[in-house]
Amino acid sequence: MKTASRALLAAIAACSLPVLAQNPGPNKVQYPEKWAEGVLYGVVDRYDIKQYRELWSTKAAVDAVKAGKPIPSGTVLTLVQYKAVVDDKGVPVKDDKGRFKKGDLVAYTVMEKRTGFGVEYPEDIRNGDWEYQVFNAEKKVNDKANLKSCFVCHKPHAGQDFVISLAKFSGTAPGAKPVAKKGPDIVAISDFLFGPEKLDVKPNTYVTWTNTDDSPHQVTVTSANGLRTPVILKGQSQTMKFETPGVYDYICGLHPNMKGKVEVK
């Protein structure tokens, strides 16, 4: 058991990333007109924001990775985001395979790798030779997009060339999903949701979060001066001690639409 690290909070707060919308880096990434001619290698349901998402890659990149080679320069990965179809109560409708039904197009998030990309950024935020850009449904740059969050979210995955979905990308994703243990002081992170969303505990209780998603997450207590856990990768757990009675609201520091609450009484 251990309390959440404040060191990571300080490190992230200290990151000095240029204003990306005005930086020449992301402006190198153009809308990938031929993304649909590539390979659809993954589908993701985002329960927290009610989106259906498709992951597309250039075929040359998929072939290289399956052959055990590095992701080549020139690779373009395109995340195509759609609204999930919802019923009259706002609940996403699922198809016969249990996946969200695809609704209206929302946006395209693109990550592109080219030798020499990323030199504008300090090492504590740089994602190798990758750059990011977000385009709206009209294929125009969304200059209000928070591109810094892309760098922060992918940074923990340096060991797999910053590609969170590399296992699906290479066709080697394991079938079994990590399962969080059940208990009065345990929260599972699954499908971009905290479960249970609200936890009641006694003073001096250690609460443990276990991530079962492919994406990394980070528990950030918004009602306690931003106290947060380290980034939690798939299958990992992190623990935080709650000593004083009160209500502690928290979010995922990487995906702020994910919300939870710990009440100490």
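How many helices and strands make up the secondary structure of the chain? The count is four helices and 14 strands, where helices (H or I, at least four residues) and strands (E, at least two) are DSSP runs numbered from the N terminus. This is a predicted model, so local features need pLDDT of at least 70 and side-chain atom pairs count only at pLDDT 80 or more, while totals for chains, interfaces and linings use all residues. Residues are numbered from 1 along each chain as its sequence is written, and side-chain values use heavy atoms, with hydrogens and water left out.

**The chain as a whole**
- Of the 265 residues in the chain, 45% are buried; buried means under 20% relative accessible area, exposed over 50%, and partly exposed in between (1.4 Å probe, protein chains only).
- Take the contacts (heavy atoms within 4.5 Å) in the chain with a separation of 6 or more: 60% of them come from residues 24 or more positions apart.
- The chain has an accessible surface of about 13,500 Å², and carbon and sulfur atoms hold 53% of that; these areas come from the Shrake-Rupley method with a 1.4 Å probe, and for residues only the protein chains shown count as cover.

**The nonpolar cores**
- A nonpolar core here is a set of buried Ala, Val, Leu, Ile, Met, Phe, Trp, Tyr and Cys residues joined through side-chain atoms within 4.5 Å.
- The largest one has 47 residues, and those touching the most other members are Phe169, Phe194, Val207, Trp209, Phe242, Tyr250 and Val262.
- Helix α3 (residues 147-154) gives this core its largest share, five residues.
- Both domain 1 (35-170) and domain 2 (186-264) put at least three residues into this core, with the domain bounds coming from an automatic or database domain assignment.
- Setting aside neighbours within four places in sequence, Val262 contacts a list of residues including Leu199, Val201, Val207, Trp209, Phe242 and Tyr250.
- There's also a second, separate core of 14 residues, with Val43, Trp56, Val76 and Tyr82 among them.

- Six of the eight residues of α3 are buried, so the helix is mostly covered.
- Those six are Leu147, Cys150, Phe151, Val152, Cys153 and His154, and they pack against β4 (102-113) and β5 (130-136).
- Strand β8 (residues 198-201) has two faces: Leu199 and Val201 are covered, whereas Lys198 and Asp200 are uncovered.
- β8 runs parallel to its partner β14 (residues 259-264), with four bridges between them; two strands pair if DSSP finds at least two bridges.
- Within this pairing, Val201 sits opposite Val264 of β14.

**Asp48**
- Look for Asp48 in the loop between β1 (39-46) and β2 (51-57).
- Asp48 has a relative accessible area of 14%, so this residue is buried.
- Its side chain makes a polar contact of 2.7 Å with the side chain of Arg46. For that term, a pair of N or O atoms must be within 3.5 Å; within protein, one must be able to donate a hydrogen and the other to accept it, and residues adjacent in sequence count only if both atoms are side-chain atoms.
- Not counting residues up to four places away in sequence, Asp48 touches Asp191, Phe192, Leu193, His255, Asn257 and Met258.

**Backbone details in loops**
- Gly195 and Pro196 are joined by a cis peptide bond, with omega near 0°, and Pro196 is in the loop between β7 (193-195) and β8.
- Lys139 isn't a glycine, yet its phi is positive at about 70°.
- Lys139 belongs to the loop between β5 and α3 and is partly exposed, with a relative accessible area of 40%.
- Asp161, also a residue other than glycine, has a positive phi near 55°; find Asp161 in the loop between α3 and α4 (166-170).
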